[in-house]
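User: I'm new to looking at protein models. Could you walk me through how to read this one?

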Amino acid sequence: MALQQELEELRAQTLDSIKGAASTDALEEVRVGVLGKKGTLTSILRGMRDLPKEERPLVGKMSNEVRDAIEAALEEKKRELSTAELEARMQAGAIDITLPGRSHPIGSQHLITHIIDEVSDIFAGIGYEIEGGREIETDWYNFTALNAPADHPSRSMQDTFYVRDLSGERSNVRGESDVLLRTQTSGVQVHVMEDQDLPIYIIAPGKVYRRDVADPSHLPQFTQCEGLVVDKNITFGDLKGTLEYFCKQMFGPDRKTRFRAHFFPFTEPSAEADVSCGVCGGTGHLHDGERCRMCKGTGWLEILGCGMVDPNVLRMSGIDPEVYSGFAFGVGVERVACLKYNVPDLRMLLEGDMRFLRQF
Ligand code: DAH
């Protein structure tokens, strides 16, 4: 049982050395000398291979105990020594404890992501499901299946970013691509009507792209939140009630809302909803009398388009308009940023200036 005796001695010696260590460096030396790769305990453990089989469990158990005891003693002594060393350095003036600490800034959600979550929460609360979508679409989903006529201006190269099709497979006879960066989230409506069972109650937030020059109220890439309901007996009253509820939840009861008749190819009838401008308080001008650039002096900002889903659109997606009806809407997320958070210039959302981003 020579090994057992060796272990016993090692334990006693090591605990003594630990007790006697005068610094954390000296302590580390003790640790490496015993537990390191070439340490004494490590080599004793290696020697176990030569023991008769019956003795191994006993010696194994004992060496574990020895190691645990040594590790615990090391830990305790290390704490003691580090505290003493820190104290000594502070006494010697080597550490200026009045210096401010290093801060680790925690990021925050971008305002647009935050608003998407707010909109999603409001609609999830009344039973809507959240849908994803694709940013690269075909002509069919972005325009045709949404009843947009072939000569609709939004289809022109001036308004839409087309994806160059090098394979030639997705081009029309004039060699134009039918693959594009979606200009609206409305194409999700078509995907959902094709893929899902009725009834449908969904919203679909996401990025959209248009060939616009960035200015205070336009960006070439912006964000929309699409909504679609298809069920039996859905009326314009359901649309108005739902969207008024949404506006109240989103902007608070003091903001005014109005609906204006409008036209969209995929809804009939169609409307746009405005909320009173948050930058100028609905007056159309700023404190110094200057015309409010955000609402162009009107006091109102458009936040969403909406309408009853056109029967043609239902039919194209395989839904019988004699049995089902529905409404749809598209909320401009950047518009919400202006209305609710009074962002005076949409370009701020892209500049990455922390003084701006940190406010939300
Ligand atoms: N897609 C429209 C746009 O980008 C917004 C819109 C209007 C969406 C009416 C809708 C809708 O779902 O019913 O201007």
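Analyst: Let's start with a helix pair: helix H1 (residues 2-20) packs against helix H3 (residues 40-47) at an angle of about 165°, and their axes are 11 Å apart. That makes H1 roughly antiparallel to H3, where angles under 35 degrees count as roughly parallel, over 145 as roughly antiparallel, 65 to 115 as roughly perpendicular and the rest as oblique. This is a predicted model: local features need pLDDT of at least 70, side-chain atom pairs count only at pLDDT 80 or more, and totals for chains, interfaces and linings use all residues. Residues are numbered from 1 along each chain as its sequence is written, and side-chain values use heavy atoms, with hydrogens and water left out.

User: Which residues of H1 and H3 make the contact?

Analyst: Contact means heavy atoms within 4.5 Å. H1 brings Leu-3, Glu-6, Leu-7 and Leu-10, while H3 brings Thr-40, Leu-41, Ile-44 and Gly-47. By class, that contact has 5 nonpolar, 2 polar and 1 charged residues (Ala, Val, Leu, Ile, Met, Phe, Trp, Tyr, Cys and Pro count as nonpolar, Asp, Glu, Lys and Arg as charged, and the others, Gly among them, as polar).

User: How do I read the packing of H2 and H4?

Analyst: Two packed helices are described by the angle between their axes and the distance between the axes. Axes are lines fitted to C-alpha atoms, for helices over the stretch in contact, and angles run from 0 to 180 degrees between N-to-C directions. Here, helix H2 (residues 24-35) and helix H4 (residues 56-91) have axes that come within 9 Å and cross at roughly 165°. H2 and H4 are therefore roughly antiparallel to each other. On the H2 side, Thr-24, Leu-27, Arg-31, Val-34 and Leu-35 take part, meeting H4 residues that include Arg-67, Ile-70 and Glu-71. This contact divides into 6 nonpolar, 2 polar and 6 charged residues.

User: How many helices and strands does the protein chain have?

Analyst: Helices (H or I, at least four residues) and strands (E, at least two) are DSSP runs, numbered from the N terminus. The protein chain has 12 helices and 9 strands.

User: In what order do the strands of the open sheet come?

Analyst: Two strands pair if DSSP finds at least two bridges between them. The open sheet has 7 strands in the order E1-E4-E5-E9-E8-E7-E6, with mixed pairing. Its edge strands, E1 (129-130) and E6 (257-264), each pair on one side only. E1 pairs with strand E4 (residues 200-209) in the parallel sense over 2 bridges, and Glu-129 has Ile-202 of E4 as its bridge partner. Helix H8 (residues 236-251) lies across E6, E7 (267-276), E8 (300-309) and E9 (325-332), running at about 150° to E8.
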